Amino acid sequence: MLITKIKRTLRSGFISFWRNGSVSLASVLVMTITLIVISCVLFVGVVLNTTLKDIQSKVDINVYFTKDALQDGVDQIVKSVKALPEVADITYTNKEDSLKEFRLRHQNDQLTLQALDELGDNPLGAKMSVRAKDPSQYETIVKFIKNSGGDNGTVDRINYDENKVAIDKLAEIIVASKKLGFAAIAFFIFVSVLITFNTIRLAIFIFREEISVMQLVGASAMYIRGPFVTSGVMYGICSGLLTMLVLWPISYWLGLLSETLGVTVNLYQYYQDNWFQLAFLLIISGLILGATSSYLAVKRYLRI
Amino acid sequence: MLLDNVSKIYKDGSLALDGVNITIKPKEFVSIVGHSGAGKSTLLKMILAEDKPTKGKVFFEDIDIHTLNRSEMNDYRRRIGMVFQDFRLIPNMTAYENIAFAMEAAGRTDEEIAADVPHVLELVDLKKKMHNFPSQLSGGEKQRVAIARAIVNQPDIIIADEPTGNLDPVNTFEVIQILKKINDLGTTIILTTHNKGVIDSLGKRVISVEAGKIIRDDKSGKYLL
């Protein structure tokens, strides 16, 4: 009997979805708009995240070792800094490479190169670029380097102090952007869900008389709810598919726009690379949204 | 069916029923008459457990129906067939599907549904229109579908609330004849109506209600208000 009941519920839901075409269409369209908003918010999140990571990756500090620093001492510092959990990666440049870099950088400046040649000896020390996982962690890293090599003449200088204000400001901006982005995403999703829920509630309001008749002929609450929940699931699946279709040209356009604006992530590429996950997410979101809204909306009229 | 000293006072303070006592025996045909606002609809709501009485009890086979849980209530309602003035058919279901729904709700099998629905539609002379939607039927036809839906589960009682209110004299006559036939087959009928001609032609028990009270209960009555 259970299988018969499930079969009847699904059939009624499909028939109701089809026969109440205009109500279904309206619900699907509103739900599609909801899912598009959610997707766009997701896209904005991706862009924001990538941009912030991009900016973050451009921030680093340089540690300059003294010209006469012992190689063992330098190696010791490089090794221990590399092992720090706050450090994302480091780039070590030895004395000779530092000189080569310097020469390359000043290849058009004959006067400087001449002065360098006259010195004879390599006046430059080794250096190490350090990138932290989070910009707020530079202070800790710098303190560690100063403690381990600053006093015994191994480390000449660290350019952190000159850039401290800029780095701190950037760290603040990144944290604030993340918080703001999260709040905006939560707000838009909340509003969209609310709109969808109300649309479905309105759609089911049209059927309130039917619901009371169904109750009067002795149909159980689950038997009445079933077809409405099935229709809600249908709204969700159709909206998910429609949203994927609409997102195709939108992401293409956003991809072109992001290229023009110099944003590193191409949203069209992102859409193509993640279309399966995106479709899964949208269809499941729509399905849950439709089923839950219908379930709750019918409850209101199941009182007699 | 027994209504024991039933009173109903609505939230706005209006007294809809005032100490009503009625006993309805099996296979009886009872008409309830009264002016608009006399309390007829409230009385039916009490019997259907659509609303609870402020005072008193409603018994069906010795069980106070207002103490039933949801599942028992569904079972109880399946033993009552309802016919309304405004038909209350489900608009996006065909005549066949409207009747089949009542059977599905009662847990009947697909085979039973396939056998009984055409049969019951034949009884109300609507077999040819079984796949029509309510919007494609006339008032009389809609009411006949509603009657078919009410009787398909072979209920103990049929409650017909102003079933002829929206019908012309020919359809009124037909609907009453169908109800009489159902009663002859052993189903209790509770009918409310404003139609004097219908009551007078029936020659069955008539309960007159006024201001929420029973003012007359005649075994073979006339429409007297």
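Student: What do the buried residues of α3(B) pack against?

Tutor: They pack against α1 and α9 of chain A, together with α4 (110–123) and α5 (139–151) of chain B, where helices (H or I, at least four residues) and strands (E, at least two) are DSSP runs numbered from the N terminus. This is a predicted model, in which local features need pLDDT of at least 70 and side-chain atom pairs count only at pLDDT 80 or more, while totals for chains, interfaces and linings use all residues. Residues are numbered from 1 along each chain as its sequence is written, and chains are lettered from A and ligands numbered from 1 in the order in which they are written.

Student: What makes helix α3 (residues 95–105) of chain B largely enclosed by the rest of the structure?

Tutor: A residue is buried if 20 or more other C-beta atoms, placed from the backbone, lie within 10 Å of its own, exposed if 12 or fewer, and partly exposed in between. In α3(B), 10 of the 11 residues are buried, so this helix is largely enclosed by the rest of the structure; among them are B:Tyr96, B:Phe101 and B:Glu104. After α3(B) comes B:Gly107, with a positive phi near 80°.

Student: How do you know whether the radius of gyration of chain B agrees with that of a compact globule?

Tutor: The radius is taken over C-alpha atoms, and the globule rule is 2.2 Å times the number of residues to the power 0.38. With 225 residues, the rule gives a value near 17 Å, and chain B has 17 Å, so the two agree. The C-alpha trace of chain B spans about 45 × 40 × 35 Å along its principal axes, and 45% of the residues of chain B count as buried.

Student: Which strands of chain A are joined to β3(A) by six bridges, and how do they run?

Tutor: Two strands pair if DSSP finds at least two bridges between them. Six bridges join strand β2 (residues 87–93) of chain A to β3(A), and these strands run antiparallel, with A:Thr93 bridged to A:Lys127. Strand β1 (residues 61–65) of chain A is also antiparallel to β3 (residues 127–132) of chain A, through four bridges, and A:Val63 has A:Met128 as its bridge partner.

Student: How many residues does each chain give to the contact between chains A and B?

Tutor: Two residues are in contact if their C-beta atoms, placed from the backbone, lie within 7 Å, and here 17 residues come from chain A and 18 residues from chain B. On the side of chain A that touches chain B, α1 (2–19), α8 (208–216) and α9 (221–261) each supply at least two residues.

Student: What confidence scores does the model carry?

Tutor: The model scores ipTM 0.74 and pTM 0.72.
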